[in-house]
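Take a look at the protein below. This report starts with its pockets and then turns to the chain as a whole.

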Amino acid sequence: MADFFIDTDTASTQLPQNNRPKMFMFGIPSYTNMGDQAVSLAARIFFEKEFSNYQYIEIMDYDNNAGIEAVKKIITKQDIVGYVGGGNMGSLYTDIEEDRRAVFSTFTSNLTISFPQSIHFEKTAYGEKEKQLSQEAYGKNHNLVLLARDAQSYRRMQKTFENKVVFIPDMVLYLKPTDFKFKRTGALFILRHDGEKILDESFIESLRMILKKRYSLDRTDTVLKMPTRITPITRARLFEEQLQKIARQELIISDRFHAMVFSVLTQTPCLLFGNSYGKGKHAYYDWLENISWIKYSDERDITRIGREIEAITSAQTHSYDLQPNFRPLRQIIVNYIAAVATLR
């Protein structure tokens, strides 16, 4: 179990003081988006597997300011600072972006890693203002490395910031697939209810009318209604439940990036549609296009969509391995460890 601290009566903001090198991961989500929860879990798994000598400390999103102050008291040159990945860099989720700026502009003497993100600053006066604030904060940290999880974000980060940018898959794709060996039945719609949603309900209903001839249907989201808060204690169990739910399906229809990723991990046929700025689409073509049971579609013709569904539901599963694509991240950390060692 990773160390983390919260501001309740059952824990404190006191961090462990010992000689072990530490990885301080900020922005750990407490909200119930299971995609972001899976990202934070996968980052921990990556670090504990690849750098087991490091003490991995998670700072909850609601403790950002207290976490900064606590880390400042104990951080040493050998330590690394991170901010958890996801799809929230930019002007759509400014509360998270503000926390990210605070972390990046504070720990300027240590390797600081922004874990794989998609980026989107709106092309409005508001979006431009937020972009300038981020440019100012990120620019204070010459040890900051930005990881982009899709090619579109890679190019955007390079154009927006002067920091080093590296192309890495979403952290959840570091995880190995799981064969639950469940009997599959039905089709599950996993659909957004937020500002990134672009699928029209009339189109969704047309899909339902076609699919109900063959499948029992249900609809859900990767954002849970219950519980209302998640911590690293409950995260792994809830993630496992999400995977199991998807693994019981014959087909997933979604506009959620991580519904596609969960379908990859469970070998479940998935047809993915787009969101407002294309993060799922670009990640599919960058990393997942060759996985036979996954398909991205911009199609709106029901007949053609039917053919796409037939292709993925009849596809044979096969092996894949995206872990080699995480070697650049590992090398960044290895190089930093070596550089610090020469200073001793």
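## The largest pocket

The largest pocket holds about 460 Å³ of space. The model is predicted. Lining this pocket are 26 residues. Nearest its centre lie Tyr31, Asn33, Asp36, Tyr93 and Ile96.

Several elements contribute to the lining of the largest pocket. Helix H1 (34-50), strand S5 (86-90), helix H3 (94-106) and helix H8 (257-266) each supply at least two residues. By class, the lining has eleven charged, nine polar and six nonpolar residues.

## The second largest pocket

About 270 Å³ of space lies in the second largest pocket. Its lining has 19 residues. Arg184, Gln249, Gln267, Pro269 and Thr317 lie nearest the centre.

Sorted by class, the lining of the second largest pocket has eight nonpolar, six polar and five charged residues.

## The overall fold

The protein has eleven helices and 13 strands. Take the contacts between residues at least 6 apart in sequence: 78% of them join residues at least 24 apart.

The C-alpha atoms fill a box of roughly 65 × 45 × 40 Å along the principal axes. What radius of gyration would a compact globule with 344 residues have? It would be near 20 Å, and the protein has 20 Å, so the value agrees with that of a compact globule.

Of the 344 residues in the protein, 55% are buried. Buried here means under 20% relative accessible area.

The accessible surface of the protein comes to about 15,200 Å². Carbon and sulfur atoms account for 48% of that surface.

Note on methods. Residues numbered from 1 in each chain as written. Predicted model: local features only at pLDDT ≥ 70, side-chain atom pairs only at ≥ 80, totals over all residues. Heavy atoms only, no water. 1 Å grid on protein atoms, 1.4 Å probe; cavity = no way out; pocket = protein on both sides within 12 Å on 5 of 7 lines; lining within 4 Å. Points joined across faces, edges and corners; volume = space filled by probe spheres on them. Helix = DSSP H or I, 4+ residues; strand = E, 2+ residues; numbered from the N terminus. Nonpolar A, V, L, I, M, F, W, Y, C, P; charged D, E, K, R; others polar. Rg over C-alpha atoms; globule rule 2.2 N^0.38 Å. Buried < 20%, exposed > 50% of the residue type's maximum accessible area, 1.4 Å probe, protein only. Contact = heavy atoms within 4.5 Å. Areas by Shrake-Rupley, 256 points an atom, 1.4 Å probe, with all protein chains shown as cover.
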